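Colleague: Could you walk me through this model? I'm new to this, so please spell out the terms.

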Amino acid sequence: MQGVDLVDRDVLLITLDSCRYDVAADANTPHLSRLGPLLRAESPGTYTLPAHAALFNGFLPRPASGRFLLSGKPVEMIWRSAAARPTGGSVAVTFTGPTLMEHYVERGHRVIGAGGVTFFDPADTANSLPKPFPEFHYFGRSSRALSNLDSRVADRADTLPLTHVETLADRCADADHFFLFVNCSSTHIPYTTPNSPLTEQTSDALRRLYRLHDTKVPWPAGPPPLSRDDVRHLLDMQRRALEWADHQLGRLFARLATRRPLVVVCADHGEEFGESGRYGHGHPHSSVSTVPLWCGLLDPEEYSG
Ligand SMILES: [Zn+2]
């Protein structure tokens, strides 16, 4: 990309776990909007593991509306492996090494990861996603902990990575160059945040939704297990969880804006709420593969004063 030196930029790569595109389009996200227009994109994965495996290899969700814009200039790809077939399209950063993390380590960046869903628990030796990070901070529940509805339908604060933005910002600010990845779990079921605790009504709807997620088969004919009001209520919970994430990301952006980092924020996958009879993710459906994406270069003037 001519005129903008992106190769050695600091990087913020953020995933909003399970966030639906239509929820993002309805949400008030002033900090994400400052990055650039909301793009409707298509994820290469239907659940956390394949979506992040692709992402860490430079394969972002592909925009289905508009193009990636960086400082107003369109690019076909933000990251592309040097080992990939040559392309005539514009690429912001060509990376070497099998993953983005190994590439940025090689270039001398401090590479930091943070996660909140159990695929990122580094204590579980079966988890591959945190392994390429020399430094990983996991805030979620143990992936091997016994889980039942009482432990899953719960208020959350410290287990959400974005509760800890100041700590993460400190670690980036201390480094000459940084690459920070954060998997945000606030938009993942149960959608609770410090700003949106459980109520009796939401607890009941979430318990039914968890049972439907666990079923993983289309609901048989008959009345839907969640009413339209239930679904509207649950989607509203995810919207508020995204708005809380936007507020927290605004604090992170304010701390790091003077570094003018390259920022990509997207969902790893969406979530179905019964549109074709199923609930949750991990199966192919447009509500699962369609995700929101924002990208841009942080402008320190937006955060001055
Ligand atoms: Zn996920």
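Colleague: How are the donor residues of the zinc ion spaced in sequence?

Modeller: Keep in mind that this is a predicted model, where local features need pLDDT of at least 70, side-chain atom pairs count only at pLDDT 80 or more, and totals for chains, interfaces and linings use all residues. Residues are numbered from 1 along each chain as its sequence is written, and side-chain values use heavy atoms, without hydrogens and water. Donors are N, O and S atoms within 2.8 Å of the metal (3.2 Å for Na, K and Ca), and sites may look incomplete because water is not among the atoms. Here the spacing is D-x30-T-x219-D-H.

Colleague: How many residues apart in sequence are the parts that Thr48 and Asp268 tie together?

Modeller: Helices (H or I, at least four residues) and strands (E, at least two) are DSSP runs, numbered from the N terminus. Thr48 sits in helix α3 and Asp268 in the loop between β11 and β12, so the pair links parts lying apart in sequence by 220 residues.

Colleague: Is Ser18 buried or exposed?

Modeller: Ser18 belongs to the loop between β1 and α1, and has a positive phi of about 70° despite not being a glycine. Buried means under 20% relative accessible area, exposed over 50%, partly exposed in between (1.4 Å probe, protein chains only). With a relative accessible area of 0%, Ser18 is buried.
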